[in-house]
Amino acid sequence: MSYIKAGQDANGQEIKLHYTDQGKGAPVVLIHGWPQSHEAWTYQLGELPKHGLRVVAYTRRGFGNSSKPFEGYDYDTLADDLKAVLDTLDLQNVTLVGFSMGGGEVARYMSRHGGARVAKVVFVSAVTPYLLKTDNNPDGVDKSVFDDIQKNIAKDRFDFLQTFGKQFYGEGPLSNPVSKGVLDWSFGMASLGSHQATVACGHAFAETDFRRDLEGISVPALVIHGEDDKTVPIKNSGDRMNQHLKHATYITYDGAPHGLFITEKDKLNRDLIDFATSGTVRSGENS
């Protein structure tokens, strides 16, 4: 397995990020969501390199086969980890793609590191601009929702992950968009994360305000969100992005759940390829 060094933990041990690097051409960097690993991008890793793209995907600290330090799950540190990936591989003119929690890393990297090496950004089912409902963010999600998540993780993280996985893909009594195999695969990925990373990242994506980060982004931007996303509801996220990223192209996927990298893989692949190779997509069109 291939690893990138991203500093040290509090005990002086190296932090290593597991990654894959496939294809040749214009670089695309994929940042996964919570609480999975870069393996979640399996259908993108299998398709995008066929279209003249070099695709890099890495696993966030605390998850998958990456190092699992006790600390370092704030977005400043996670953005620094992303910088280590781009710098180590010496990637230039990158299309940076963040899914769910990964959208926060895109936003914070662009502000904290001045958008170095990045030519375009994509936010897929992202937690941006700011999920938590507060006095100055009345359109956010009530704190009780996130409190329940933390309570259920503390009670039985593995039961929580199985229940969460079903919502993630829109599973329900009358809806079965993915197979049991996909649910088992996703649970296996999520269960590899450390308990501390799962808890700390849950706080980070819920409580971090990315509004100012977004307002400084000037490169071409694409926002993609599923209209039936119950995990990161579109009204609290995707629909609010144009308030802070006014020049972005916004595409909604009709009836799509949160985990659209699986359920809408062909649409997503097409939109990512189009945007990465030409900078244009089906502007504002519902899919």
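A residue counts as lining a cavity when it has an atom within 4 Å of one of the cavity's grid points, and a cavity is a set of points where a 1.4 Å probe fits but cannot get out. Please keep in mind that this is a predicted model.

- Searching the whole structure turns up one cavity of 30 Å³ or more.
- The largest cavity holds about 40 Å³ of space.
- Its lining is made up of Val223, Gly238, Met241, Asn242, Leu245, Ala248 and Tyr250.
- Sorted by class, that lining has five nonpolar residues, two polar ones and no charged ones.

**Recorded domain**
- An unreviewed UniProt entry lists residues 27–264 as "domain: AB hydrolase-1".
- This span is 38% helix and 15% strand, and its end C-alpha atoms are 22 Å apart.

**A helix pair**
- Helix 4 (residues 143–168) packs with helix 5 (residues 180–191) at an angle of about 135°, and their axes are 10 Å apart.
- Helix 4 and helix 5 are therefore oblique to each other, and their crossing is right-handed.

**Backbone details**
- Most peptide bonds are trans, and most residues other than glycine have a negative phi.
- The peptide bond from Trp34 to Pro35 is cis, with omega near 0°; Pro35 sits in the loop between strand 3 and helix 1.
- Thr128 and Pro129 are also joined by a cis peptide bond, with omega about 5°, and Pro129 belongs to the loop between strand 6 and helix 4.
- Asp90, not a glycine, has a positive phi of about 50° and lies in the loop between helix 2 and strand 5.
- Arg117, not a glycine, has a positive phi of about 75°, and its place is the loop between helix 3 and strand 6.

Methods: Residues numbered from 1 in each chain as written. Predicted model: local features only at pLDDT ≥ 70, side-chain atom pairs only at ≥ 80, totals over all residues. Heavy atoms only, no water. 1 Å grid on protein atoms, 1.4 Å probe; cavity = no way out; pocket = protein on both sides within 12 Å on 5 of 7 lines; lining within 4 Å. Points joined across faces, edges and corners; volume = space filled by probe spheres on them. Nonpolar A, V, L, I, M, F, W, Y, C, P; charged D, E, K, R; others polar. UniProt positions renumbered as here; feature names shortened; annotations may be inferred. Helix = DSSP H or I, 4+ residues; strand = E, 2+ residues; numbered from the N terminus. Axes fitted to C-alpha atoms, helices over the stretch in contact; angles between N-to-C directions. Parallel < 35°, antiparallel > 145°, perpendicular 65-115°, else oblique. Left-handed = near helix turned anticlockwise from the far one by under 90°.
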